[in-house]
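Please keep the sequence and the structure in view while reading.

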Amino acid sequence: MKPYIVPFEHLKNSDVELVGGKNASIGEMIGNLAGIGVSVPGGFATTSHAYRDFLAQNGLNERIRELLATLNVDDIDKLTAVGAQIRAWMLATPLPARLRDELLGAWRGMGEGPEFAVAVRSSATAEDLPEASFAGQQETFLNVRGEAHLLRCVHEVYASLFNDRAIAYRVHSGFDHDLVALSVGVQHMVRSDLGAAGVMFTLDTDSGFRDVVFITAAYGLGETVVQGAVNPDEFYVYKTALRAGRASILRRNLGGKAVKMVYAEPGSQERVRTLEVPGADRQRFSLDDADVLELARQALIIEEHYRTPMDIEWAKDGGSGRLYILQARPETVQSRTGRTIQRFTLKARSTVLTTGRSIGQRIGAGHARVITDIKDMARVRAGDVLVADMTDPDWEPVMKRASAVVTNRGGRTCHAAIIARELGIPAVVGCVNATKLIADAQPVTVSCAEGDTGYVYEGMLDYDERVVQLDSLPTIPVRIMMNVGNPDRAFDFSRIPNRGVGLARLEFIINRMIGVHPRALLEFDKQSVELRDAIGKQIAGYAGPVAFYVDKLVEGIAQIAAAFAPEPVIVRLSDFKSNEYANLIGGKAYEPHEENPMLGFRGASRYVDPVFRPCFELECRALKRVREDFGLNNVQIMVPFVRTLAEAAAVTELLAANGLRRGENGLRLIMMCELPTNALLAERYLEFFDGMSIGSNDMTQLTLGLDRDSGVVAKLFDERDDAVKALMAMAIRACKAQGKYIGICGQGPSDHPELARWLVDQGIDSLSLNPDSVIETWMFLASEPA
């Protein structure tokens, strides 16, 4: 007799046809990974035999087949009617008596009383395969208690195989309805309603970068994260460092976590309810570092067992504190990415209507279709921009029509984000109030090509789209590096052929990720009440003001360094000018007013100044942690705007005093060659440094006596001027003579390919270019000179 029920521990990954991908994977993990650190709640699965025997009753299968044969799934009204009819037939058909008896017997064997809670989940025989993503299309029921409730939920899970979204997805993905069967998993509940839950991936979901575990987390049951009902906390864990037992949390992003799903009160008609999260809990992370690392370790074990990137749901029991893996499936979008990359660039910008989390690194434009009730989703036409509070699988039949998706709620692993990636369209999620700020039928452009923040612009804007074949680039006689300031783009940029980062700017990290003047943090207790409140909002989730500054620097630097490891990443120490520092929170009280900040208190002069030195030492502390704690020894340090040999000596001594001694642990110190003195006395400056990187912007303005911020003389600014080239040539010769590194990280080669060729002819070691100019410059250098 064919089995109707199989305990999870008796299943393995090859049982997909019997119990579907999800349940087979649960059994695989319990049987093979429980002994090496992966904790999975137990339970059992119904089989595809039980489902097919259920359909064989009263000609149900034949009626369903005949009705589906008449269906055009792009007719939303007809799809809705057909789906409702099939589900009604299924719910009117009783479960086979044998199935009822075996279900209840297996269920009784799980519990220690009549009121223990289980989760009842679907597992389709075509789901969770590497070539498909059913993304929660069938029903899930949580906190299921009692025999009658269990049977009703199993029945409803069966019927959910013919939800509108599931029917449409199978048709669009080429799956025959008759060949897809359904298994039901019954699994012990984890009391994450008292703890936290979420989703994690063993790669970066936007770029496909493979050397991180990406974890999302929020309070309560994990459905809020999966559905996109909350903006969760996010963590990136660096696999290489984790395996080596080093510090490995690259990044923490504090989410809003406005609501949480918990068990309903006993005796209630509802199984779960949603509560607001207290403000104090929102302002802290839902997981501590130990939990993040433990989850990442379990994720690595799972990925190594399956030998493919994985999409994993997890939960933390708030009673016991234990972490559990609820299910795991192959990641189905980025893991299929080939050796090409698409690049989208806006030609112009307009008024920003709203912003949120960027999904998909693409650009889309169309007329906004603001949908506040799912019953109106048929209004979405091909090419529209779908704007909604959030989406769930019921929206999928119309999501494929959209050119972009915008939601009020959700994080990077929510339903809208997952489906947008799969469809290859941009999505901006977690905007909070997009449905109010965007008017129905308004022309908009959705840009996810500008970093971690996604923008919705007014009007349909022009943009460029191009495809780069990564395997077709010819050999050239110079190393191509990149200028990277935004850590959020580092994983994506690392896919472009490169030999590392020639300029990683700290200014972006300080301005965008920190936003507070370092002295205001060092002297936090001296600030006004209003300023302390403003700073308090910035530093939420961190141990204190100074810890926040150092930790955020560590995160930004480490993310860039990990993205490009083992290639060198040259990190330039902060080069804000006094007016830029003054614009940070609390900055005005600490910065002088200068008529020409470009030539004022900046670079090495600032570092060695007794007043600013404590701030500079925070940068040193962060760099030391990245190199030593994370093991990212590919980080090199670059000192900008060194005016004199005495400054060169002083700043290298200061670095050494802060644990960053040249030559120790492979540390190289590079000097920005951006003042005429640096080129004229290059041989002597090189006594203190391991090489130079030409800053063509400042070198040009200081050679030609221009203020590059002045529109009056801007037309005279040209890095190709003979005097500028003469100084660059001097620096190249000096470095070559001493066998030291010489590169360029200024704008010139990115803007002027002929200057890049001239620098190669002079013998420069590397060109560090803006990412959007790498391919064009590469191909230009590979071509024959005109």
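## Cysteines

C414 is buried, with a relative accessible area of 2%, where buried means under 20%, exposed over 50% and partly exposed in between, for a 1.4 Å probe and protein chains only. The model is predicted, and local features need pLDDT of at least 70, side-chain atom pairs count only at pLDDT 80 or more, while totals for chains, interfaces and linings use all residues. Residues are numbered from 1 along each chain as its sequence is written, and side-chain values use heavy atoms, with hydrogens and water left out.

## An open sheet

Strands of a sheet pair through backbone hydrogen bonds, either parallel or antiparallel. Here five strands form an open sheet in the order β1-β2-β5-β3-β4, with antiparallel pairing; strands are DSSP runs (E, at least two residues) and helices are runs of H or I (at least four residues), numbered from the N terminus, and two strands pair if DSSP finds at least two bridges between them. The edge strands, β1 (5–7) and β4 (140–144), each pair on one side only.

Strand β3 (residues 118–124) pairs with strand β5 (residues 182–188) over seven bridges, in the antiparallel sense, and S122 has V184 in β5 as its bridge partner.
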